[in-house]
Amino acid sequence: MTNKSIIHTDDAPSAIGTYSQAVKAGNTMYLSGQIPLDPKTMEVVSGDFKAMTTQVFENLQAVCRAAGGELSDIVKLNIYLTDLSNFAQLNEVMATYFRDPYPARAAIGVSQLPKGVPVEMDAVMVI
């Protein structure tokens, strides 16, 4: 692929493994999974599920902006939850970040996520 570049911002958590925050290929950005880490401390934020979900959206937003876009440019959002009973709270928080038309989305129940967090999200953005 000749038109590939790496996206990085200090406003989102640094990668904690062998991956990039996002990769741009043409006008499509592939955003790596974000968990509720504070980008300044690299620690999981304290608080309830809503506070953690808010931090995940803030992290995604920072990566979107570093790539020249906004959350509204996300066309596909994948959400991983360790407890699907948090689905309604997830929707409440998401409604504060997105307006209709919403991105395509999957919400998947998983048994475990990095650092024991309850939520992780990755996305595809087109600008």
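I am working from a predicted model, in which local features need pLDDT of at least 70 and side-chain atom pairs count only at pLDDT 80 or more, while totals for chains, interfaces and linings use all residues. Residues are numbered from 1 along each chain as its sequence is written, and side-chain values use heavy atoms, with hydrogens and water left out.

For pairs I took rings of Phe, Tyr and Trp (its six-membered ring) with centres within 6.5 Å, calling planes under 30 degrees apart stacked, over 60 edge-to-face and the rest tilted. The count by this rule is two aromatic pairs. Phe 57 and Tyr 97 are stacked, because their ring centres lie 5.1 Å apart with the planes at 25°. I noted that this pair links distant parts of the chain, 40 residues apart, with Phe 57 in helix H1 and Tyr 97 in the loop between helix H2 (87-94) and strand S5 (104-109); helices (H or I, at least four residues) and strands (E, at least two) are DSSP runs, numbered from the N terminus.

Phe 57 also pairs edge-to-face with Phe 98, at 5.9 Å centre to centre and 70° between the planes.

I then checked burial, where buried means under 20% relative accessible area, exposed over 50% and partly exposed in between (1.4 Å probe, protein chains only). Phe 57 is buried at 0%, and Phe 98 is buried at 3%.
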